[in-house]
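User: I have a two-chain structure to look at for class. Please take me through it piece by piece.

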Amino acid sequence: MTIKILVPVKRVVDANVHVRVSASGAVDTTGLKMSLNPFDECALEKALRLKEAGVASHVSVVTCGQAPSQDVLRTALAMGADDAVLIDTGSATATLDSLAVARLLRAFMASDDYGLVLCGKQAIDDDTGGVAAMLAALLGWPQALNASGVEVEPDGWRVTCGDDAGTATWRLSGASVVSADLRLADPRRVTLPNIVKARQKPLRTLDAATLGVRLEPATRVLQLAEPAARQPGIKVADTTALLAALGPERLFQNHATGARA
Amino acid sequence: MRTLVIGEYESGAITDATLRVVTAAAQRGLPVDVLVTRAEAANPAAQIAGVQHVLLATVDFAENADTPGAITPETLATQLAALANEYSLIAASHRATGRAALPRAAALADGAFLADVTAVLDPQRFVRSLYAGSVVATVETTSAVTFATFRASSFAPAADTGGAASITALAPIAPFAATRLLERQAAPQTGRDLASARIVVSGGRGLGSQENMTRLASFAGRLGAALGASRAAVDAGYAPNAAQVGQTGKTVAPEVYLAFGISGAIQHLAGMKDSQIIVAVNKDPDAPIFSVADYGIVGDLFEVLAQLEGQLEAHRLAVRPAS
């Protein structure tokens with residue numbers, strides 16, 4: 001079977017940037033380094049490998065946002081995606097929540113026939129991880145989250161997912177939504193020739209209003225703050241000093257009691 | 001309106017995480033019910049202090065009899081969406097089941113979804129972290145029903161005795177046919193449950209090998225602690241994924257967190273900085289882990305580990321001279 005794969009992505013503050021809350025109680029991302037969400041990068045890499053293996057014929061990337069988000073779409077095209085779409089959510093972008101994004105994606109997907117949605121398991125800015133399961137719900141498709149392995153099977157997928165105490169392997173029938181853990185696939189580096197080539201690839205903008213979707217969020221941020229800082233600690237010379245400071249019972253009290261499993 | 005908590009049942013008991021979510025739910029000041037998906041979990045759930053009703057969801061497993069009791073997140077989401085009219089909050093711990101079923105149910109029921117809630121302010125206002133814990137947000141939900149996963153370590157467990165909830169069996173629901181669980185594999189080496197252990201011993205890239213991580217795991221076992229690991233150590237193959245502590249792994253808040261050879265990337269700190277006492281051992285005096293550590297030892301982690309192993313043994317002999 002050869003299918004089309006859709007990879008929804010998000011532009012986020014780079015993982016190496018420490019975000020701060022301004023005096024006015026906002027997160028100002030102006031001037032901060034922005035990147036393709038790392039989990040989405042892994043999802044895209046897996047999609048490209050499925051295409052290279054002949055499982056998929058076409059890999060599309062899509063994001064919801066405004067014009068600046070075109071840069072991560074160009075990155076995705078340079079990695080190897082065939083085409084990219086920016087769903088322009090205009091002034092609604094700042095308050096867009098997971099369900100609004102899932103609704104937009106579902107409405108967008110009505111225009112084509114996709115066999116697999118592969119996205120990151122969470123965006124590293126809001127750390128919610130809601131879109132994949134929500135989109136699967138709206139489509140009525142099976143889902144597998146936090147995937148570290150995706151294999152094609154006759155009319156379906158075998159997906160290995162990180163679980164609370166190990167892994168769970170699911171069999172999904174037909175078109176599915178899978179969200180990627182960082183271990184799903186190590187993203188390829190973007191090369192200069194491919195960046196040049198990506199400029200010729202189709203990147204179109206779609207006005208969110210044309211999708212006829214409610215964008216009002218069901219959740220509203222009332223206040224942002226930095227977490228309380230921990231009291232500064234001390235350096236101790238060795239474990240004898242550590243145990244004296246800590247109290248040996250605190251560390252060793254469990255050993256003899258055969259702590260419950 | 002009421003609050004419904006998803007009751008997880010493992011190894012013959014309601015999980016510690018579930019008991020903590022019951023505490024979180026009770027903080028809304030509204031009646032709390034618990035939904036279980038296995039018949040044997042109903043009585044233990046009814047014993048939880050403060051719970052009014054236990055709902056027993058059952059699945060009509062006509063074609064899925066090989067995995068009795070294994071309810072998929074898709075099927076659970078359908079059940080939760082069907083109950084959404086009776087609840088203003090449907091809550092679960094921030095573990096695999098809740099993370100998968102709750103956002104799906106929220107989409108089906110047109111509800112709000114919040115992940116990894118760390119505090120409850122009132123029935124509609126909650127606290128959760130953004131940007132790997134760098135930002136703390138107060139959020140309000142405006143929909144009739146909210147689905148939320150809760151960070152278990154941020155709440156104390158409710159008592160698992162003393163309750164006298166009624167038990168109601170719900171009408172069996174049809175399983176979602178397109179998803180089937182093939183197998184579950186527990187990772188080796190994780191011993192105690194990371195999320196509820198009193199002590200967590202974690203290793204980073206500084207461990208240098210899987211053998212050394214095994215030695216650290218053995219020390220953790222003798223302490224009665226859980227083994228954790230940084231992403232670098234997991235990526236290097238020293239420890240299983242399930243042991244990963246951090247933004248994309250598990251969040252822990254034990255009484256004591258011992259970090260061996262962990263540099264302390266912000267993504268790791270996000271998973272452990274609420275620990276009561278943090279002890280860090282690293283050969284680099286400038287490692288960021290020291291910025292959150294109450295006690296730091298700059299030095300060779302293997303020497304420190306050897307000393308602690310010796311001191312544990314000496315303590316054991318002193319406490320139990322006859323054994």
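**Strands, sheet and helix**

User: Which strand of chain B is joined to β13 of chain A, and by how many bridges?

Analyst: Strand β13 (residues 234-235) of chain A runs parallel to strand β17 (residues 295-298) of chain B, and two bridges join them. Strands pair when DSSP finds at least two bridges between them. Strands (E, at least two residues) and helices (H or I, at least four) are DSSP runs, numbered from the N terminus. This is a predicted model; local features need pLDDT of at least 70 and side-chain atom pairs pLDDT 80 or more, while totals for chains, interfaces and linings use all residues. Residues are numbered from 1 along each chain as its sequence is written, and chains are lettered from A and ligands numbered from 1 in the order written.

User: Which residues stand opposite each other there?

Analyst: Ile234(A) faces Tyr295(B), and Lys235(A) faces Gly296(B).

User: What else does β17(B) pair with?

Analyst: Strand β16 (residues 277-282) of chain B, in parallel, through four bridges. One pair of bridge partners is Val281(B) and Ile297(B).

User: How many residues does each chain put into the contact between them?

Analyst: Chain B gives 77 residues and chain A gives 69. On chain B's side, 41 are nonpolar, 19 polar and 17 charged. Ala, Val, Leu, Ile, Met, Phe, Trp, Tyr, Cys and Pro count as nonpolar, Asp, Glu, Lys and Arg as charged, and the others, including Gly, as polar.

User: New topic. Is α4 of chain B buried or exposed?

Analyst: Mostly covered, with 12 of its 14 residues buried. Gly98(B) and Leu108(B) are among them. A residue is buried if 20 or more other C-beta atoms lie within 10 Å of its own, exposed at 12 or fewer, and partly exposed in between.

User: What span should helix α4 of chain B have?

Analyst: Its 14 residues (96-109) should span 20 Å at 1.5 Å a residue, and its end C-alpha atoms are 20 Å apart, which agrees. The expected span is 1.5 Å times one less than the number of residues. Just after the helix, Asp110(B) has a positive phi of about 60 degrees.

User: What is the mean pLDDT of chain A?

Analyst: It is 94, and 97% of the residues of chain A reach 70 or more. pLDDT is the predictor's confidence in each residue, from 0 to 100. Over residues 256-261 of chain A it is below 50, and this stretch has seven contacts in the model beyond near neighbours in sequence. Where pLDDT is low, the predicted coordinates should not be read in detail.

Terms used. Two residues are in contact if their C-beta atoms, placed from the backbone, lie within 7 Å.
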